[in-house]
Amino acid sequence: MKTLAAFLVELNKDLEIDEIEIPKLKHGQALVKINYSGICGTQIAEIFGHKGEDKWLPHCLGHEATGIIIECGDGVTKVKPGDNVVLSWIKGEGIDAGGCKYKLGNIEINAGPVTTLQEYAVVSENRLYHQPSNLDDATSIILGCAAPTGMGSVFNVLRAESPSKVAIIGTGGIGLCSCLACIEKNITDINVIEPNVNRQKLALKFGASKIIKKIDLNSQDKFLSEHSNMYDHIIESSGKIASIKLAINLMKNQGGKTVVIGNSPLGSDVSFPAEIFNQGKSLLGTWGGDCDMDKDIEKFSKIIFNNLDKIKSLFSEPYSINNINKAVNDFKNGNIGRPLIKLN
């Protein structure tokens with residue numbers, strides 16, 4: 001059996017689109033017919049070499065999607081054929097079956113435990129979750145990455161409570177989902193730092209109380225004189241080193257917390273005064289919002305359901321797989337909130 005797929009052959013080049021041969025399922029794997037996939041900043045980092053040398057080329061891409069289980073390999077009990085599922089890079093319950101190798105003629109196309117920019121995908125059992133019945137296929141892809149990472153960072157990492165003053169740096173899907181989580185916690189003082197005009201509009205729709213439109217991140221003195229030590233919680237979702245340094249200065253003394261979610265280019269270093277720790281500031285990281293996806297997915301789905309109009313406004317009109325490179329570039333250039341790729 002073959003599947004049409006988009007895959008990366010060379011860094012900084014368009015994805016190639018071709019039919020590849022699907023391998024036989026191994027222990028703990030399932031074959032999924034992909035309905036919709038998203039694209040997030042991680043794929044942009046992969047395609048444009050921000051993660052450094054890529055030892056797995058050529059390889060498939062994508063880690064957030066919805067689909068239907070077609071076939072299950074030996075040992076799979078979490079899902080069965082016919083189940084509607086959410087695919088995610090975040091590990092959950094089930095067998096960790098690893099990746100696989102597709103074939104294009106005599107060429108091997110590598111794939112990790114989950115890939116989604118293809119019509120059919122072999123996926124590890126522990127990257128599959130039952131799709132909540134209250135959400136449609138297109139909307140549910142947000143549960144694969146942006147919702148658990150953004151919302152989980154507020155609930156599980158920062159443990160933010162009202163009243164708090166929050167700053168969100170960067171409002172892609174993750175930053176906007178962080179905003180929804182703050183609203184869910186009855187936090188209404190939410191300042192967004194975002195230079196992109198399209199994303200500024202989305203941030204206001206998602207509940208931001210104030211938009212800080214432009215800061216020269218390399219010359220922050222004037223801004224810091226007005227905003228230093230103001231914020232209880234900061235969500236940094238851009239990955240820019242200057243933004244991380246900015247967040248450190250914006251945190252309140254004696255209890256301020258920043259969670260860094262954004263992907264910085266491989267090899268980036270960030271420096272800051274050691275006394276921030278004596279000032280009682282906390283700089284935190286996270287892996288997928290520290291979520292237990294099998295339990296948390298229902299909570300996140302309820303928040304999404306209660307904010308359907310907002311979530312739908314984040315997504316682009318559907319792109320076909322044949323227009324995948326336009327979707328990548330539209331997203332990279334900030335022309336759309338989050339690409340929606342229709343595969344079947």
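## Terms and overall build

A residue counts as buried when its relative accessible area is under 20%, as exposed when that value is over 50%, and as partly exposed in between. With that in hand, let's walk through the structure, which is a predicted model.

The chain has 344 residues, and its radius of gyration is 20 Å, which agrees with the value near 20 Å that a compact globule of this length would have. Along the principal axes, the C-alpha atoms fill a box of roughly 60 × 40 × 35 Å. The secondary structure comes to 11 helices and 18 strands.

## Packing, surface and charge

Of the 344 residues, 55% count as buried. If you look at contacts with a sequence separation of 6 or more, 72% of them join residues 24 or more positions apart.

The accessible surface comes to about 14700 Å², and carbon and sulfur atoms hold 47% of it. As for charge, the chain carries 37 positive and 39 negative side chains. The centres of these two sets lie 4 Å apart.

## Salt bridges

Side chains of opposite charge can pair when their charged atoms come close. How many salt bridges does a search of the whole structure find? The total is 12, and a few of them are worth a visit.

Start with Asp189 and Lys165, whose side chains meet in a salt bridge at 3.2 Å, N to O. Asp189 lies in strand S12 (residues 189–193) and Lys165 in strand S11 (residues 165–169), so this pair ties together parts that are 24 residues apart in sequence. Is Lys165 buried or exposed? Its relative accessible area is 18%, so Lys165 is buried. Asp189, at 30% relative accessibility, counts as partly exposed, because the value falls between the 20% and 50% cut-offs.

Another bridge joins the side chains of Asp83 and Lys80, with an N to O distance of 3.0 Å. Asp83 is buried, with a relative accessible area of 11%.

Asp96 and Lys91 also meet through their side chains in a salt bridge, at 3.2 Å from N to O. Both partners count as partly exposed: Asp96 has 44% relative accessibility, and Lys91 has 48%. This pair belongs to a network of salt bridges that links Lys91, Asp96 and Arg127.

## Cis peptide bonds

The bond from Leu57 to Pro58 is cis, with omega near -10 degrees. Pro58 sits in the loop between helix H1 (41–47) and strand S4 (59–60).

The bond from Ser162 to Pro163 is cis as well, with omega near 0 degrees.

## Positive phi angles

With a relative accessible area of 59%, Asn186 is exposed.

Gln254 has a positive phi too, of about 60 degrees, although it is not a glycine. You will find Gln254 in the loop between helix H7 (241–250) and strand S15 (257–260). Gln254 is exposed, and its relative accessible area is 76%.

Key
Residues are numbered from 1 along each chain as its sequence is written. This is a predicted model: local features need pLDDT of at least 70, side-chain atom pairs count only at pLDDT 80 or more; totals for chains, interfaces and linings use all residues. Side-chain values use heavy atoms; hydrogens and water are left out. A salt bridge is a side-chain nitrogen of Lys or Arg within 4 Å of a carboxyl oxygen of Asp or Glu. Buried means under 20% relative accessible area, exposed over 50%, partly exposed in between (1.4 Å probe, protein chains only). Helices (H or I, at least four residues) and strands (E, at least two) are DSSP runs, numbered from the N terminus. The radius of gyration is taken over C-alpha atoms; the globule rule is 2.2 Å times the number of residues to the power 0.38. Contact means heavy atoms within 4.5 Å. Accessible areas come from the Shrake-Rupley method with a 1.4 Å probe; for residues, only the protein chains shown count as cover. Lys and Arg count as positive and Asp and Glu as negative; His and the chain ends are not counted. The place of a charge is taken as NZ of Lys, CZ of Arg, CG of Asp or CD of Glu.
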